[in-house]
Amino acid sequence: MEEAKERSLHFIEQIIEEDLKSGKHASIITRFPPEPNGFLHIGHAKSICLNFGLAQKYGGVTNLRFDDTNPTKEDTVYVNSILEDVKWLGFEWEGEPRFTSDYFDILYNFAVKLIQKGLAYVDDQSAEEIASQKGTPTEPGKESPFRNRTVEENLELFGDMKSGKYREGEKVLRAKIDMAHSNMHMRDPLLYRIKHAAHHRTGNDWCIYPMYDFAHGQSDSIEEITHSLCTLEFEVHRPLYNWLIEHLEIYPSRQIEFARLNLNYTIMSKRKLLSLVEQKAVDGWDDPRMPTISGLRRRGYTPESIRNFSERVGIAKRNNVIDVGFLEFSVREHLNRIAPRVMAVLNPLRLVISNYDEGKVEMLETINNPEDESMGSRELPFSRELWIEQDDFMKEAPGKKYFRLAPGCSVRLKSAYIITCDGFDEDENGNVTTVYASYHADSKSGSDTSGIKAKGTIHWVSCQHAFDAEVRLYDRLFNDENPDGHKDREFMEFLNPDSLSIVQNCKLEPGLASAKPGDGFQFQRLGYFSVDNKYSLPGKPVFNRTVTLKDGWKK
RNA sequence: UGCCCCAUGGUGUAAUGGCAACACAUCUGAUUUUGGUUCAGGUAUUCAAGGUUCGAGUCCUUGUGGGGCAACCA
C-alpha cells in the first residue's frame, strides 16, 4: 500500500538531507538532553519525537544525555522519571544513558586548554560586580580588572578553584571574548563557578561546575552529535557555541533551533509546574491534569496519540500556540480505534420496566468495538430495574430535536429493547427518583420486528448486577487561555476550581471490576476512561476520564 | 531603542519564482442501535508599501507587528 502523499520536508529535515547528500555526514547522531530537575512535559515530547524520529528516519541514532551541571537543582528521582517517560513514548536511546557529569574531567581539561590559549581567565569579582560591568543590550560592557592575568596565574588560580581553596562566589572562570560584543552572551561569559554542593552522581568529587554554555556544546562535540536541536531561546547562544568549538578545536556539532510547543489553557514552565506540585495545587507531577508526560499517561493518553500529535504540530521557527483541542483530537482518534466500549452510568437514575418480569435476567450480546470486529462481543445482564443517566431523562421533552427519555417518548436501550416512558416519581423537591417505562418485547436488539423507530439510544446498567466505582472527571487546570501571559497577575490566580470532580458510586457493568491500572475504555456516549495507576486497588478500580466524546449535539 | 529570529484562514503547518493547499476547529447534509465513528460538501488565508521579474506568499528595500537576549539556571 502506498501512502497517499508524502509530507513535505520541514527545514531541519532539509538540512539533514543536504548534509547526507553532500557527504558532510555519512549518518546522523541526535541527542535529547534534559536537565533532571523536573518531570518531562508535552513540550519535551515534541522534542523527543523530533530527535528520535529524525534518527529513525535517516538511519542514525539518538543519545539520551542528562545535562546535570547544577547539583543544587538536580536529582535522581527526575532521572528515573525521564528514563521511564522516554521509554514509554516508545523510543530507544543509543547505548547507556549519558550524563554531562561523566565528562567533568574532559570539560576541566577543555577549560585548561582555553586558559593556555589565553582565551579564559579567573575573575575575582562578585556576581554583582560582574553583572554591573556587563553593559546592556544597547551599551557595551566594561572589561574586568582581572582580565589580563597571565596564563600561569590563571592556571594556578583555576587549579585552586578546583581543589576547594575558595568559597562559593569568590572566583569564576570566564572566557575572554569581547566585552563590547552586540551579543550579550559573547561578553566574557562565565564558564565555571564554585558550588560546594553534593552532586547526584559525582557526590563531593567536584566543587566547581561548568555552566550550560561550557557543557552543552562540548558534550555534543564529545558525542559527535551531528545535529544538536534546541529551542529558539538558544539562538543567541549559537555564536558562543560555535566559538568554543572552534577554539577548543573539537568536533563541530551544529546547533539548530526550532520553536517550542505551547498549548493554551496550561503552562509549560518546569519551574511553574514544580510550584504547582510544591503548593499542592495538584496531586504530584503525574496528576492527570498536568501537561506532563506522566500526567497524560495517568490520564489515559497513549504513546501513539502523543507521537501523532507531535508529528502533526509540525516543526518551524515561528512562535505558536496549539489549541489543546488538537491534543484531544489525537487521543480520541487513537482510542476510537482501540478502546473497548462498555456501559457505565455516572449519575444514576432508577428505571423500572413495569412490564418486565420481576426476577428475570436475560443475557444480551453486545459488540466490543464497532470500529474493530476482531475485538468480538460479550454478554450483558438485563433485568427489570436498570440504572440510566440522569441526563437522559427530562420530565418534559423540550422539543422535537430531543432524542432521549421523557414521558411518552421512546428510546432504544443500547443492545437491548426499545422502551416507552410511562411516568416517574419525584420527591418533595421535584427531583426525579424513579422513571417508569414499558418495554417492547419484539424490539430486542438484533431481532427487532416491532417496527418502532426510536430516535435515540441510551446506555444502561442492570441494578442488581451493577458494580460501584469511583470516577474522576477532569477539566482544564486553568480557566485562562494563557495563564502565564499576564503582566500583573500570577498564573496561580487562574487555576480552575472545578478542574477535578470525584464522582462516587458510579454504576458500571460487572466485568469492569477486574479492570487493571492503565486499561482504557470508552464509556459509551460519555468519553474515554482509563484505570488510575495510583488510587486503584485490586478489584476496586478508580477511573480517570481521559477525554469526553466529541459532542455534536446542538440545541 | 543595540543585536538576533519570525510573520500564510480561528489554530497549526505546506506550497523551495508558475492555479494558495492539508489537518484541527466551525457550519450543511447523509449514514448510524453511541447526538460517537464514517461519508459528502460549505465558510475562511499570504502584515503594509515600494522594487526585481513575463510571473512574487516566495527574492530585494523600507516600514509595521510579535518574540528572544543583560541568572555564578538550563
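1. Two strands are taken to pair if DSSP finds at least two bridges between them, and helices (H or I, at least four residues) and strands (E, at least two) are DSSP runs numbered from the N terminus. On that basis, an open sheet of 3 strands has the order 1-2-3, with parallel pairing. Strand 1 and strand 3 (98–99) stand at its edges with a single partner strand each, so one side of each is left without a neighbour in the sheet. Strand 1 is joined to strand 2 (residues 61–66) by 4 bridges, and Ile29 has Val61 of strand 2 as its bridge partner.

2. On conventions, this is a predicted model, in which local features need pLDDT of at least 70 and side-chain atom pairs count only at pLDDT 80 or more, while totals for chains, interfaces and linings use all residues. Residues are numbered from 1 along each chain as its sequence is written, chains are lettered from A and ligands numbered from 1 in the order in which they are written, and side-chain values use heavy atoms, with hydrogens and water left out.

3. The largest pocket holds about 1,100 Å³ of space. Here a pocket is an open set of points on a 1 Å grid over the protein atoms alone, with protein on both sides within 12 Å along at least five of seven lines; a cavity is a set where a 1.4 Å probe fits but cannot get out, and lining residues have an atom within 4 Å of a point. Grid points are joined across faces, edges and corners, and a volume is the space filled by probe spheres set on the points. Of the 31 lining residues, Glu35, His44, Phe234, Arg260 and Lys270 are the closest to the centre of this pocket. At least three lining residues come from each of domain 1 (11–258) and domain 2 (270–340 + 469–547), with bounds taken from an automatic or database domain assignment.

4. The second largest pocket has about 830 Å³ of space, and among its 24 lining residues the closest to the centre are Asp392, Arg404, Arg525, Asp551 and Trp553. Domain 2 (270–340 + 469–547) and domain 3 (344–459) both give residues to this lining, so the pocket lies between them. The lining divides into 6 nonpolar, 6 polar and 12 charged residues, where Ala, Val, Leu, Ile, Met, Phe, Trp, Tyr, Cys and Pro count as nonpolar, Asp, Glu, Lys and Arg as charged, and the others, Gly among them, as polar.

5. The search finds 2 cavities of 30 Å³ or more in the whole structure. The largest cavity has a volume of about 50 Å³, and helix 8 (238–248) is one of the elements giving two or more residues to its lining. The second largest cavity has a volume of about 40 Å³, with strand 20 giving the most to its lining, 3 residues.
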